[in-house]
Amino acid sequence: MIRTIRHITLWAALALSLAAFVYSAGALYGIHQNNDLIRQLVSGKDVAVNKVIGGEPELRLARAFYFKQKHRYDEALSTLSLIMDKSGRDFQAKARYNLGNLYLEQAMQQAKAMNINEAMPLAGLAKQAYRQSLALNSGDWDAKYNLEVAMRLLPEMDRVDMPDDELKNQKSQLWTTVPGFPRGLP
Amino acid sequence: MRILLIMVLSLLGCSGSIDEPVSYFNVETPRPFGYVNGDEIPQRIIIETRSGISLQPGSLPVKGQINRWLNLNRVTVKQTGQRYQIDLLYQVFYAPLEVKSLTLPGFTVQLSQGEKSISQNVPAWTFTLSPLRELVVRQSEQGEYMRPDSPPPLLANTQALYGLAASLSVAVLIAVYLAYLYGCFSGMSRRTLFKRTLRKLAGLSEADMEQALTVVHHALNSLNGQPLFLNRLGEFYRRNPQYLQINSQLAWFFNYSNRYFFSDAMIAVAQDLQQLKELCEQCRKIERGSR
């Protein structure tokens with residue numbers, strides 16, 4: 001009886017491990033194909049949309065990278081916005097950095113064309129994206145550098161090294177938020 | 001009288017230090033220079049209190065934006081007995097035009113002893129921040145120089161590879177074991193025939209000669225595939241020619257066995273057993289291929 005059970009267990013384990021082998025081989029093949037698509041996009045060749053839709057976040061990031069290279073900013077933005085909260089911290093930091101670059105490049109183009117009103121909100125969005133990227137990965141030198149580019153493009157004007165000023169600001173803010181008593185009533 | 005007064009005063013002085021609610025307070029910060037835009041600055045505050053005094057976590061700075069250029073990313077409090085270790089992780093976002101002095105704001109930590117509240121000031125800390133860009137900005141083809149996009153990472157295949165290797169090894173191991181159970185490795189057991197015989201012989205003495213001879217007979221029969229006798233040795237050598245080199249020893253074995261089992265008053269001596277073992281040693285060398 002025990003021998004029969006052992007035999008059946010062994011055969012079942014063999015079938016299970018073979019199934020796991022087939023599954024892993026399939027997964028590896030899928031990864032290989034996706035990596036080929038990513039390489040193709042990075043080298044500047046487009047791929048079929050249906051391969052990207054529903055694909056891995058890395059593949060979509062590669063497609064956004066491709067759009068940005070071709071200056072198709074709107075498409076790059078819509079692709080990036082879908083993957084902002086996907087995958088791990090490093091990936092999110094990368095996606096936010098690339099999003100920041102997308103905004104900053106447009107802001108610089110607008111600034112060059114002297115469209116300051118269009119450039120300012122774009123630079124603000126770029127700064128926000130870089131800040132988020134650096135909060136996720138503070139060791140990214142490219143994000144630090146480009147954040148400084150964006151900050152020079154759209155300087156933040158209030159004084160920061162005078163704590164007295166800040167205190168006064170805070171106080172005045174505090175007073176404006178306290179509702180006043182109605183006057184002039186009998 | 002004067003000495004007594006001095007003693008009383010000194011005792012009062014001592015009792016004052018014992019009553020201090022905070023017995024140890026220290027703020028540990030890294031170097032105060034060499035930071036750039038986006039850097040994280042850790043600050044560790046260590047407070048040791050008298051027993052019965054506890055820290056009010058609500059008095060610590062809240063995670064989030066402190067001011068326009070400073071964020072507090074993490075606040076962790078570790079308590080071991082009456083020792084509190086507060087770790088703060090600030091991140092600075094400021095783009096100075098030259099090396100600039102900035103200050104991490106101080107705050108007050110509240111400690112409570114029952115109804116009573118005690119304050120402990122954490123002083124502000126000043127450090128310098130350096131710019132990353134030059135004043136006269138470098139120009140590239142697109143305009144102002146900026147760092148390029150981060151290339152998309154390739155998908156990691158390590159997990160799939162590990163899965164593949166692990167499942168394959170398990171499958172192969174199980175398959176080999178099943179093949180062994182199904183008798184696919186009959187040649188392997190033939191290769192260890194005399195090894196097992198030698199192991200059995202090692203535990204026997206000349207008093208167990210009958211058993212020893214049976215064991216060797218059994219090994220030779222297994223090797224031959226059928227019972228082996230003296231008159232069938234020629235046939236055996238045809239199938240296993242490598243055993244021809246120990247022909248004399250094998251002949252001795254069969255003769256000795258015949259005499260032992262079929263003649264009376266045969267007494268086995270230690271030398272016979274030794275000779276038997278030597279025969280097995282020779283057979284073992286042949287089956288291993290070293291002779």
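Which exposed residues does the face of H8(B) turned away from its buried side carry? I find B:Ala270, B:Gln271, B:Gln274, B:Glu278 and B:Arg288 there, taking a residue as exposed if 12 or fewer other C-beta atoms, placed from the backbone, lie within 10 Å of its own, and as buried if 20 or more do.

I keep in mind that this is a predicted model, in which local features need pLDDT of at least 70 and side-chain atom pairs count only at pLDDT 80 or more, while totals for chains, interfaces and linings use all residues. Residues are numbered from 1 along each chain as its sequence is written, and chains are lettered from A and ligands numbered from 1 in the order in which they are written.

The buried residues of H8(B) I listed as B:Leu276, B:Leu279, B:Cys280, B:Cys283 and B:Glu287. Seen down the helix axis, these buried residues fall within an arc of 95° (taken over the directions from the axis to the C-beta atoms), so they line one face of H8(B). After H8(B) I noted B:Gly289, whose phi is positive, near 90°.

Turning to the chain contact, I found 44 residues of chain B in contact with 50 residues of chain A, where contact requires C-beta atoms, placed from the backbone, within 7 Å. The largest share of the side of chain B that touches chain A comes from H2(B), with 12 residues.

For confidence I looked up pLDDT (the predictor's confidence in each residue, from 0 to 100), and chain A has a mean of 84, with 84% of its residues at 70 or more.

Definitions and conventions. Helices (H or I, at least four residues) and strands (E, at least two) are DSSP runs, numbered from the N terminus. Two residues are in contact if their C-beta atoms, placed from the backbone, lie within 7 Å.
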